[in-house]
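Subject: Structure handover

Hi,

Here is the structure we talked about. Please load it and follow along with the notes below.

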Amino acid sequence: MCSSDLDDARVTGPQTRSLKFTASSAEDTTGYDGVNLTGAVVVAVADTTVAGMTVAPAAGLEVTEGAAAGYTLRLLSQPFADVAATAAITPGADAAAAGYSLDITEAVVVVTPGKWIDGAAGGVSAPRDYTLTGDLNFTLTHSVDSSDEAYADGAVSEIGRAHV
């Protein structure tokens with residue numbers, strides 16, 4: 001006997017399955033052919049799919065003063081509902097000391113169940129201030145929320161650089 005459970009792309013948690021057996025015989029001389037056997041075997045199925053999010057480019061985001069740069073948020077598993085990632089920027093010590101900030105071009109990035117592999121685009125822009133300050137560091141974070149329990153109250157972050 002062989003049984004398999006399909007590996008889907010959704011986080012569902014551990015599952016149980018019950019297997020029932022029926023006897024069969026090519027030459028039934030004992031009267032067991034087609035008889036349902038009593039009892040069932042309960043099998044525990046582990047869910048290997050995890051909830052999570054990746055940011056591309058993975059090496060970090062670079063944006064030049066006076067320009068914009070985009071990134072893509074992708075999910076590690078297919079959600080049951082939309083996943084909304086709200087962006088926030090925290091300046092590094094160098095950027096804070098220079099009084100420089102980045103602008104978020106997509107305040108909320110929404111990844112839908114049908115586009116979980118492709119992801120959704122976000123972006124930042126660096127305003128031109130005509131001051132020579134050198135490279136500045138920022139942390140771009142996302143608070144993640146969804147009615148899908150696997151993606152409720154999650155977070156992902158990525159460091160970006162502004163060349164100013």
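Keep in mind that this is a predicted model.

Start with the sheet pairing. β5 and β9 run antiparallel to each other, paired over 6 bridges. One of the residue pairs to look at is A68, whose bridge partner in β9 is S125. β5 also pairs with β3, again in the antiparallel sense, here over 4 bridges. There, A56 has T72 of β5 as its bridge partner.

Next, the core. The largest nonpolar core has 25 residues. M53, Y71, L73 and L75 have the most contacts inside it. Several elements give two or more residues to this core, including β3 (53–56), β5 (68–75), β9 (120–125) and β10 (135–146). In general, nonpolar side chains of soluble globular proteins tend to be buried together.

One last item: which side chain does the side chain of S77 contact? S77 is in the loop between β5 and β6. Its relative accessible area is 0%, so S77 counts as buried. The side chain of S77 makes a polar contact with the side chain of Y151, at 2.9 Å.

Best regards

Note on methods: Residues numbered from 1 in each chain as written. Predicted model: local features only at pLDDT ≥ 70, side-chain atom pairs only at ≥ 80, totals over all residues. Heavy atoms only, no water. Core = buried A, V, L, I, M, F, W, Y, C linked by side-chain atoms within 4.5 Å. Buried < 20%, exposed > 50% of the residue type's maximum accessible area, 1.4 Å probe, protein only. Pairing = 2+ DSSP bridges. Polar contact = N/O pair within 3.5 Å; in protein donor to acceptor, adjacent residues only side chain to side chain.
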